[in-house]
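Q: Could we go through this model together, starting with how its helices pack?

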Amino acid sequence: MAKRKDTPEKPKITREKLRSAIRIFRFIRPYRWSFFFGLVLLAAGSVLFMVFPGAATEMAKTARGVSEVPLTLPQWGLFFLILLIIQGLFSFFRVILFAKVSEKGMADVRQALYDKIITQSVPFFENRRVGELTSRITADVEQLQQAFSITLAEFLRQIVVLIVGVAILAYMTPRLALIMLLTFPVIVVLAMVFGRMVQRISRKRQDMLAESNIVVEETLQNHNTVKAFTNELLESNRYNKTIQDVVKISLKYARIRGVFFIFIITVLFGGIFFILWQGAMMVEAGTMDVEDLFSFILYTGIIGSAIAGLGSLYTSLAGAVGATERIQEILESETETSLSNAPLDKADILKGNIEYKNVSFSYPSRKDLPVLNNISFNINAGQKVALVGSSGAGKSTIVQLLLKFYDVDQGAIIVDGKDISSIDLYKLRKNIAIVPQEVILFGGTIRENIRYGKPNATEAEIIEAAKQSNSWEFIESFPDGLETIVGDRGIKLSGGQRQRIAIARAILRNPAILLLDEATSSLDAESEKVVQEALNHLMKNRTSIIIAHRLATIREVDCIYVLEHGKIVEQGTHENLSAIEDGAYSNLAKLQFETQAG
Ligand SMILES: Nc1ncnc2c1ncn2[C@@H]1O[C@H](COP(=O)(O)OP(=O)(O)OP(=O)(O)O)[C@@H](O)[C@H]1O
Ligand SMILES: [Mg+2]
């Protein structure tokens, strides 16, 4: 269906990206000493590692009686044993320290990311897919964790090996070292260029994989629709197409990696053997000991593999930098609110006088389509008003503006004499409860879902709310009562039951302003009656805005506004409006009467 909007960027480490990546280190700050000691152990371990070839060479010389080091062969044995034990211990503590840093640091990153995401505005979520956001928290952080626990350490280790190795060689066998230094950098540069190519394909492959996962996610979340339309085959084919694309690019990726290996084997090892050959000639000419050639080969091998490793490590580091950038983009974005659970002060409790003043609005994602056009109305505290009108007229939009899900384009919404744009978002929403058109519950128990309206509600309050919302009867009839699991998004409950749970939740919240986007059309007459009863309970003593689809349910309200194409075309009580011959309201009423009768 919809394509991903963002085009894949080139995986390159630019200065800009690096700067942004470095800022992620603030999450490491609390664990900086562990990180630092880890690095020290790493460096020490790497240097120790470099002692082995040289020591082995000296041992060989000892055997031949030409060594200048005053150690016997048994002493050499002991020396290596101690070296190995120290090396092992260093590695052990390094792994533990890095794990501590990366696990804790990345948990902090995850938490910060989630906090940022959950406090974003509604338009933010409309512009992004859920899968995309979750992969920020899962895949991208995973990549970062990998970088902090393994890649970064390996990268540093290889660099230490490289520097120490070259220094030892330059000291021991300067001529051969010079020959090597003239050949190796060329190979390194070539490897880097190659590495980038490999990375580019890898990135493309990741994107395609994500694309195919979108199909899985969408259809599994919406499995009822797939089944009702018997479109399993269609979806299977759609999935097949995406995974075939993944296979295609994966094979291309494999080919390039294969070529990379050929390159490493021929060019890199070719270089090593060339140097070896040069060394052999020097031994023949008597300018070098055999043992020194032996150790030179060992060091060159180690240096060679370090260089080869650097290439692929660079690729993973570049990947991690990319992931960091995507994470930073969210971490540094503006949120609409901050986390809080403060109860409202007396002064912040609203009375519920609401005024819409010449409000015009279009959705940010569809700026060219005006949805509300110069809407004005007035509701006094405690009054009930209803919005009616055909589908798409803008009823739900009016209600969402009061919640400040979006900012109005023109005009103002005034609550208790104050423009809501100047009222704190948290305090405003705390004063409002909404029973939405389509109730989606959380996957837990009925109790958890009701308590969502007031997280610190007591058991007695929850039961009272369940009773007032006419939910108690069906809750009691379930063997598990309030502990009943409602299933993913609440699918194990009927539409009417879900709605009553939503009403119970609103009752618990006890708000000054109540917004009801009713979907009573989905209920039979009997359930409609119980839901209506529950609603009447809920609306008592509150300012209520009811979006009504059934005109029968709003006979009693103080004022009815009829909307057409984002404009109020009629307003008045049920009696007034019904009296207008050929009026919008009386036509709506007639239409409903006919469909009901027919
Ligand atoms: N999130 C959104 N982004 C862009 N356009 C939207 C969005 N939500 C609604 N619209 C558009 O705004 C218009 C009004 O929608 P709204 O949901 O307010 O209608 P409604 O009166 O509640 O209809 P219904 O009775 O079917 O619930 C419609 O044309 C709709 O397509
Ligand atoms: Mg609606």
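**Helix packing, domains and ligand**

A: Helix H5 (residues 130-172) and helix H9 (residues 290-331) have axes that come within 6 Å and cross at roughly 150°. Axes here are lines fitted to C-alpha atoms, for helices over the stretch in contact, with angles from 0 to 180 degrees between N-to-C directions. Helices are DSSP runs (H or I, at least four residues), numbered from the N terminus. This is a predicted model: local features need pLDDT of at least 70 and side-chain atom pairs pLDDT 80 or more, while totals for chains, interfaces and linings use all residues. Residues are numbered from 1 along each chain as its sequence is written, and chains are lettered from A and ligands numbered from 1 in the order in which they are written.

Q: What about H2 and H5, at what angle do they cross?
A: The axes of helix H2 (residues 32-64) and H5 cross at roughly 40° and come within 9 Å. That makes H2 oblique to H5.

Q: Which residues meet there?
A: On the H2 side they include Leu-39, Leu-42 and Ala-43, and on the H5 side they include Ala-153, Leu-156 and Arg-157. Contact requires C-beta atoms, placed from the backbone, within 7 Å. By class, this contact has eleven nonpolar, three polar and one charged residues.

Q: Changing topic: what are the domains?
A: The domain assignment, which is automatic or from a database, gives domain 1 (15-165 + 317-338), domain 2 (174-287) and domain 3 (352-431 + 549-598).

Q: How many residues link domain 1 and domain 2 by contact?
A: Five residues of domain 1 are in contact with five of domain 2. H5 and H9 each supply at least two residues of the domain 1 side.

Q: Finally, what surrounds ligand 1?
A: Its shell holds 14 residues, the closest being Tyr-363, Ser-391, Lys-395, Ser-396 and Thr-397; a residue belongs if its C-beta atom, placed from the backbone, lies within 6 Å. Helix H10 (residues 395-402) gives the most, with three residues.

Key. Contact = placed C-beta atoms within 7 Å. Parallel < 35°, antiparallel > 145°, perpendicular 65-115°, else oblique. Nonpolar A, V, L, I, M, F, W, Y, C, P; charged D, E, K, R; others polar.
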